[in-house]
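Let's take a friendly walk through this model together. Have a look at the sequence and the fold below before reading on.

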Amino acid sequence: VDGRTANLGDNITVSNLGDGRIEVVSHQDFSGRYLKYLTKKFLKKQQLRDWLRVVSTNKGEYSLKFFNVVGEEGDEDED
């Protein structure tokens, strides 16, 4: 906010909804693309980017979903 990092101020509130859910409410213009970028950056820093993706569920709403990972076991020949 105001061109400074790590400064949410009173315009943006982050609250914990329980069940592993958080809510970010902005009282000023806040780009959804920028929120998606910040979320991806956080996931990368926590080494979760390979498992989770950011998906838009409705206009202005985003959620994190797991990638579909299919195990490839037993199809390889060992010589």
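Which strand does Glu61 lie in? Glu61 belongs to strand S4, which covers residues 61-66. Keep in mind that the model is a predicted one.

## Overall layout

The chain contains 1 helix and 4 strands. Going along the sequence, these elements come in the order β-β-α-β-β.

Of the contacts in the chain with a separation of 6 or more, 10% link residues 24 or more positions apart.

## Surface and burial

The chain has 79 residues, and 5% of them are buried.

## Around Glu61

Now back to Glu61 in strand S4. Glu61 has a relative accessible area of 42%, and because this value falls between the 20% and 50% cut-offs, Glu61 counts as partly exposed. Leaving aside residues up to four places away in sequence, Glu61 touches Val55 and Ser56.

Glu61 can also be placed relative to Gly32, which is 29 residues away along the chain. The C-alpha atoms of these two residues are 8.4 Å apart.

## The loop with Gln47

Gln47 sits in the loop that runs between helix H1 (32-45) and strand S3 (52-58). Its backbone deserves a look: phi of Gln47 is near 60°, a positive value in a residue other than glycine.

Is Gln47 buried or exposed? Gln47 has a relative accessible area of 69%; this is over 50%, so Gln47 is classed as exposed.

Key. Residues numbered from 1 in each chain as written. Predicted model: local features only at pLDDT ≥ 70, side-chain atom pairs only at ≥ 80, totals over all residues. Heavy atoms only, no water. Helix = DSSP H or I, 4+ residues; strand = E, 2+ residues; numbered from the N terminus. Buried < 20%, exposed > 50% of the residue type's maximum accessible area, 1.4 Å probe, protein only. Contact = heavy atoms within 4.5 Å.
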